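I opened the model to look up its salt bridges. My entries are below the view.

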Amino acid sequence: MRSALLNKWLIEPTDSTRVQFFRYIFVGGIAFVVDYSVLLLLNKKFGLYYQYASLISFTVSFIVNYFLSMRFVFNRAGDHKDLIAFLITGLIGLALNQVLLLLFTDGLRVDIAIGKPIVTVIVFIFNFAGRRLWIYRKAA
């Protein structure tokens with residue numbers, strides 16, 4: 001019983017938005033750890049301006065997210081069209097990330113270590129909705 005449940009929620013291909021969202025949270029968590037770690041390393045340890053550090057960390061986590069999403073969330077091999085659509089939503093997410101970080105860090109004077117997780121939640125929801133509705137919707 002337990003392995004069937006684990007297979008359903010973690011392994012078997014699915015079109016269920018609920019299961020895909022659960023998996024996307026898991027994959028997003030991994031991507032967030034990469035994003036946050038690289039951001040803090042570049043900004044706090046090496047003194048790189050937070051906007052540049054965020055651009056680099058977001059890009060690295062985007063690559064991790066793409067490959068894990070293709071394999072574990074949306075169960076697709078990923079073709080050229082998927083990559084372009086994923087990239088477009090990622091670029092919009094990056095723009096949203098940068099603007100919100102600017103708002104939190106420069107506007108509200110929130111430390112990047114606190115603002116980044118808040119911004120990530122907002123961008124995460126945007127990215128999942130955009131990718132699920134635009135890229136991975138079931139063919140009608």
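These entries cover confidence first, then the salt bridges.

Ground rules. I am working from a predicted model, where local features need pLDDT of at least 70 and side-chain atom pairs count only at pLDDT 80 or more, while totals for chains, interfaces and linings use all residues. I number residues from 1 along each chain as its sequence is written, and side-chain values use heavy atoms, with hydrogens and water left out.

Confidence. I looked up pLDDT (the predictor's confidence in each residue, from 0 to 100). The protein chain averages 84, and 88% of the residues score at least 70. Helix α1 (residues 2-11) has the lowest confidence, with a mean of 69, and α2 the highest, at 91. Helices here are DSSP runs of H or I, at least four residues, numbered from the N terminus.

Salt bridges. I took a side-chain nitrogen of Lys or Arg within 4 Å of a carboxyl oxygen of Asp or Glu as the rule. The count by this rule is 2 salt bridges.

First entry. I find K116 and D35 joined by their side chains at 2.9 Å, N to O. K116 belongs to helix α5 (residues 112-135) and D35 to helix α2 (residues 17-45), so this pair ties together parts 81 residues apart in sequence. Both K116 and D35 are buried (under 20% relative accessible area; exposed is over 50%, partly exposed in between, with a 1.4 Å probe and protein chains only).

Second entry. I find K44 and D111 in a salt bridge at 3.0 Å, N to O. K44 is in helix α2 and D111 in the loop between α4 (80-107) and α5, 67 residues apart. K44 is partly exposed at 47% relative accessibility, and D111 is partly exposed at 35%.

Note on methods. Helix = DSSP H or I, 4+ residues; strand = E, 2+ residues; numbered from the N terminus.
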